[in-house]
Amino acid sequence: MTARFRRCGHGSGPMHPGDQKAVAEFTAVLAARQRPAWTGRGDVAVRIGERGLERGRPLPEQPADADPVARVLIHPDTETALTGTLHCAHARIHGAWTDPYRLLTHALAGRNLPACIDLST
């Protein structure tokens, strides 16, 4: 039998490589959430509900300064569309999409998006 957790928060000795990977991923998520940035182009992290983020892609003909912005939510790994076109208020845009946001998506957690998504407010 293998142990799932090799150390507690106050353990001594070197970290297991699996622990190091988990700590690095979590640190990357925290850093990305603290310093969001968006230039008006490219994929963005869109806030869904209270804590969730999803990857949103603008329509090609969309002007960068439009408000609300027309977006399609896409799967973070396969880049397939999860929704049709949604109108997304700038207040819902957290920042430019970065890979650490994958951990916060519904798709990665195996959950479906809410049935009626309203991003206009």
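**View 1. The aromatic pair of this predicted model.** There's one such pair in the structure, counting Phe, Tyr and Trp rings (for Trp, the six-membered ring) with centres within 6.5 Å. The ring centres of Trp97 and Tyr101 sit 5.8 Å apart with planes at 50 degrees, so this pair is tilted; under 30 degrees would be stacked and over 60 edge-to-face. Trp97 and Tyr101 are both buried, meaning under 20% relative accessible area with a 1.4 Å probe, protein chains only.

**View 2. The largest nonpolar core.** Ten is spelled out here residue by residue: the 10 members are Val44, Val46, Ile48, Val69, Leu73, Leu86, Cys88, Ile93, Leu113 and Leu119. A core of this kind is a set of buried Ala, Val, Leu, Ile, Met, Phe, Trp, Tyr and Cys residues joined through side-chain atoms within 4.5 Å. Strand 1 (44-48), strand 3 (69-74) and strand 4 (81-88) each supply two or more residues, and strand 1 gives the most, with three. Strands here are DSSP E runs of at least two residues, and helices are H or I runs of at least four, numbered from the N terminus.

**View 3. What surrounds Leu119.** Skipping neighbours within four places in sequence, Leu119 touches Val46, Arg47, Ile48, Leu86, His87, Cys88, Ala89 and Arg92; contact means heavy atoms within 4.5 Å.

**View 4. The chain around these close-ups.** Two helices and five strands run in the order α-β-β-β-β-β-α. Of the 121 residues, 31% count as buried.

**Notes.** Numbering starts from 1 along each chain as its sequence is written. In this predicted model, local features need pLDDT of at least 70 and side-chain atom pairs 80 or more, while totals for chains, interfaces and linings use all residues, and side-chain values use heavy atoms, leaving out hydrogens and water.

How values were computed
Buried < 20%, exposed > 50% of the residue type's maximum accessible area, 1.4 Å probe, protein only.
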